[in-house]
Amino acid sequence: MTTNSKEWLQYMTAVLMVVSGVVLTFISFFTKDEVTDGVLWYMAQALTFTGAVFGENIYFRTKIGESESRIKKYFDEQLQQANANENNQ
């Protein structure tokens with residue numbers, strides 16, 4: 001699986017979990033005029049899963065971006081020092 005297909009699969013499962021939780025909640029409410037404990041538990045799990053999928057992806061992308069910028073900054077500084085040393089000689 002490529003990275004794009006993995007991300008697409010994560011996003012689709014997260015969206016499907018929330019949609020299935022909402023549909024189940026509405027069905028439970030309109031058939032019994034109350035939302036049962038099991039339905040609330042399922043909806044909570046769906047929201048937790050969705051939050052984890054989106055939050056994890058954002059967190060790791062941010063950390064990877066920070067690491068890349070630090071590495072680029074380090075190599076740029078080293079290159080500038082090498083050029084300065086070369087010009088002084």
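Student: In which helix is Ser28 found?

Tutor: The structure is a predicted model. One of its helices covers residues 3–32, and Ser28 belongs to that run. The helix is H1.

Student: Does Ser28 count as buried or exposed?

Tutor: The relative accessibility of Ser28 is 6%. The cut-off for buried is under 20%, so Ser28 counts as buried.

Student: Where does Asp33 lie, and what is its relative accessibility?

Tutor: Asp33 lies in the loop between H1 and H2. Asp33 counts as exposed because the cut-off is over 50% and its relative accessibility is 62%.

Student: What is phi of Asp33 near?

Tutor: Most residues other than glycine have a negative phi. Asp33 is a residue other than glycine, yet its phi is positive. The value is near 60°.

Student: Which helix gives the most to the nonpolar patch?

Tutor: The patch has an area of about 500 Å² and is made by Val15, Val19, Val23, Ile27, Phe54 and Ile58. H1 and helix H2 (37–88) each supply at least two of its residues. The helix that gives the most, with four residues, is H1.

Terms used:
Residues are numbered from 1 along each chain as its sequence is written. This is a predicted model: local features need pLDDT of at least 70, side-chain atom pairs count only at pLDDT 80 or more; totals for chains, interfaces and linings use all residues. Side-chain values use heavy atoms; hydrogens and water are left out. Buried means under 20% relative accessible area, exposed over 50%, partly exposed in between (1.4 Å probe, protein chains only). Patches are made of residues with over 30% relative accessible area and no salt bridge: like charges are joined within 9 Å, nonpolar side chains (Val, Leu, Ile, Met, Phe, Trp, Tyr) within 5 Å. Accessible areas come from the Shrake-Rupley method with a 1.4 Å probe; for residues, only the protein chains shown count as cover. A salt bridge is a side-chain nitrogen of Lys or Arg within 4 Å of a carboxyl oxygen of Asp or Glu.
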